[in-house]
Amino acid sequence: VGVRAFRNGPALAMSGLLFGLALQTHPLVLALLPGTLVYGLWVSRRLWRTPWPYLAVAAFALGYGNVLAYNVETGFESLRSAERIRAEYALDQSASGGSLGYLPTLGTMLLLLARVLGGAIDQRNGAVDYLADPVVMLACALASVALLWLARRGQPLPLLVTLSFLLLLPAVNPKYRTLLTSRYLMPIVPLLFTATACFLVHGMQTLVSGRVGAATLGRQRGAVTLGALIAAVLLVAAPLAPLGRYYGRTFERSDTNERILRLSAEIAASRRPDETVLIDESIGTELPDTGLTELRGFEYLLSFARAPYRATRTTPGRLQDEARGVPSALAVLNARDAAAAAERVSITPLDARPPPETGRMFDYRLYRITSRQLSAVSIQLLLADR
């Protein structure tokens, strides 16, 4: 919703349509609404006596109409789904030892926002290590000052929207402990960066043009202008260092997508139409400070490829049960579990590479499993088909 929308009827109606479309991206967009409404009631009371606000509501219904129709047909399934997800988040947070209180959640959320603004995405020992980072503090200070500066200049909408978003968010979502959960903050991050940029550009333009008066000209003007330039450069360049450390650690630990992309390609090349893919559910433990797992990405790739799969505990007994009654199945196993499973099922490696390398999680390979109850002729036919 633009600042000018509340001073212009057609713009207000268009903002309703855009808000409806934005709400389809994520329900968290609703957290922007209270601040927006406060601003609208504050600066444009006369406009509410015209048809334009009601046209804006109609335009919103148009932009969000397909979701509204879905909820009418399903008995508000979106709300039930959102409540289920919220309950799951609360259980995950409780299981990980995190607090479910509003204030602790607000604190972790603000720390994560500070990390995003300052580009501190690398893993560090604790909150103090992030808060002691000069770039993080500079980014937070500039964003705060920029919001207040805009409000004093008659543009309080960014400040009101930011406050409503940050105050409401911890009440509906308790998860802000990993880098992945920074996605919940993304609706306001562009707004904070834009406000900061406006503040720095205006300051430099004012000082360079000399509109601040003779007392501030000369060295003082040059020093302040140079300071603003340095701050802008720091905000852009300084986050490259923690980004480099993040990528360096990722490649050092081989925490990349290379393995699941390779396995997905092998499955596409080897899978028969009637075969299900069994995946060891322990593949790819959660990466530190990210909330990411390889298993989730792997499942997305198989879903896009329309390959039926099932994540399961790949014990020898479980694999024997899975292989019973089907001609064959594919299984993603590590070498140790594959060797153990060979005592109960016929297992054939489909990876032509040399024996597994040693190291963290390198030995997951693709195998075809068949029940030992199959006849020898059936097994030979299966191997020949490969």
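Predicted model: local features only at pLDDT ≥ 70, side-chain atom pairs only at ≥ 80, totals over all residues.

Reader: Why is Arg306 called exposed?

Author: Exposed means over 50% relative accessible area. Arg306 has 73% relative accessibility, so it counts as exposed.

Reader: What makes the phi of Arg306 worth a remark?

Author: Most residues other than glycine have a negative phi. Arg306 is not a glycine, yet its phi is positive, at about 55°. Phe76 also has a positive phi, about 60°, and is not a glycine.

Reader: Where is Phe76, and why is it called partly exposed?

Author: Phe76 sits in the loop between helix H4 (65-74) and helix H5 (77-95). Phe76 comes in at 49%, so partly exposed is the label.

Reader: Is Pro174 buried or exposed, and how do you know?

Author: The cut-off for buried is under 20%. Pro174 has a relative accessible area of 10%, so it is buried. Its place is the loop between helix H9 (157-172) and helix H10 (189-209). Pro174 and Leu106 are 68 residues apart in sequence, with their C-alpha atoms 8.5 Å apart in space.

Reader: How confident is the predictor across the chain?

Author: The average pLDDT is 81, and 80% of the residues score at least 70. Over residues 374-379, though, pLDDT stays under 50.

Key: Residues numbered from 1 in each chain as written. Heavy atoms only, no water. pLDDT = per-residue confidence, 0-100. Contact = heavy atoms within 4.5 Å. Helix = DSSP H or I, 4+ residues; strand = E, 2+ residues; numbered from the N terminus. Buried < 20%, exposed > 50% of the residue type's maximum accessible area, 1.4 Å probe, protein only.
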